[in-house]
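Student: Could you take me through one part of this model up close? I'd like to know what sits around it and what comes just before it in the chain.

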Amino acid sequence: MTSTLTLADLAGLDLGEHTATYDDTAAILYALSVGARSSQLDLVYERDLRVLPTYGCALGLWAVEAAGRLGAYDPKRSLHASQRLVVHKPLPATGSITMTGRLANVYDKGKASLVEVEVSSGYFDAFYGIFLPGTGGWGGDRGPSSAAGETPELTTVTSFETSPDHAALYRLTGDRHPIHIDPEVSGANGFERPILHGLCTLGIATVEIAGHVGAHPAELRELSTRLAAPVLPGDTVDVASAVSGPTVHFEGRVGETKVLAGGTATFG
């Protein structure tokens, strides 16, 4: 059956409730896929396991997938453009997380559209910006302009070398979008080969910046960034940061290309 929903119909739609169940193996796999080291025992060893808060972004992807199944746009022609996470309490080492989802907004950007998906739970709230190339011009609200605040000079830099097989590994954390594994789908979206998940790049950056400021990555409290450009598996990501009050400002680059932009995080 063909959906009669249009992009203009999506804003405010309830995506229902979903319960995600995982075990310590899944939590450890996630930690390893975003750069946790074997020396970080409480991230990779079940004895005293702490789950990285950014795993919540992976758990909440069911809502993004549910939005794509509504039929108002082709989910294979969609790109993850921004991410925000607010942590309420630590994720359990194993267990079930019940979440609700909604389509908060849909904006007409002229040549593209932007869908904002919100996921809420007792453990975290996650906010996904999904960019839809070639779908704009339907007469909707353009949405708010991005406010470019002052950012301190980013003086602490570390590098993380991704594996050529990194996207294939990260898919096992739950994000099965074919753009990360299927050359035909990635090529149709204008990429030379399958790209690394934006949430994987963000998870890597979060582990790195926690090290920059001497915080435990499981102590993340809030996170926000734009996913400015894709990373290809095998690329080296340079993560730069600086502290301003309680906020860590950060960005990620591959060579001269900014892949994470306007990032902010707090730990504690």
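Tutor: Let's start with K76: setting aside its neighbours within four places in sequence, K76 is in contact (heavy atoms within 4.5 Å) with H177, P178, V185 and N189. Bear in mind that this is a predicted model, where local features need pLDDT of at least 70 and side-chain atom pairs count only at pLDDT 80 or more, while totals for chains, interfaces and linings use all residues. Residues are numbered from 1 along each chain as its sequence is written, and side-chain values use heavy atoms, with hydrogens and water left out.

Take N189 from that list. N189 and K76 are 113 residues apart along the chain, yet their C-alpha atoms are separated by 8.3 Å.

Now for where K76 sits: in the loop between helix 4 and strand 2 (79-87). Helices (H or I, at least four residues) and strands (E, at least two) are DSSP runs, numbered from the N terminus.

Step back into helix 4 (residues 61-68), and seven of its eight residues are buried, so the helix is largely enclosed by the rest of the structure. Those buried residues are L61, W62, A63, V64, A66, A67 and G68. And what covers them? The cover includes helix 3 and helix 7, along with strand 1 (14-22), strand 3 (95-108), strand 4 (112-120) and strand 5 (124-133).

Conventions. Buried means under 20% relative accessible area, exposed over 50%, partly exposed in between (1.4 Å probe, protein chains only).
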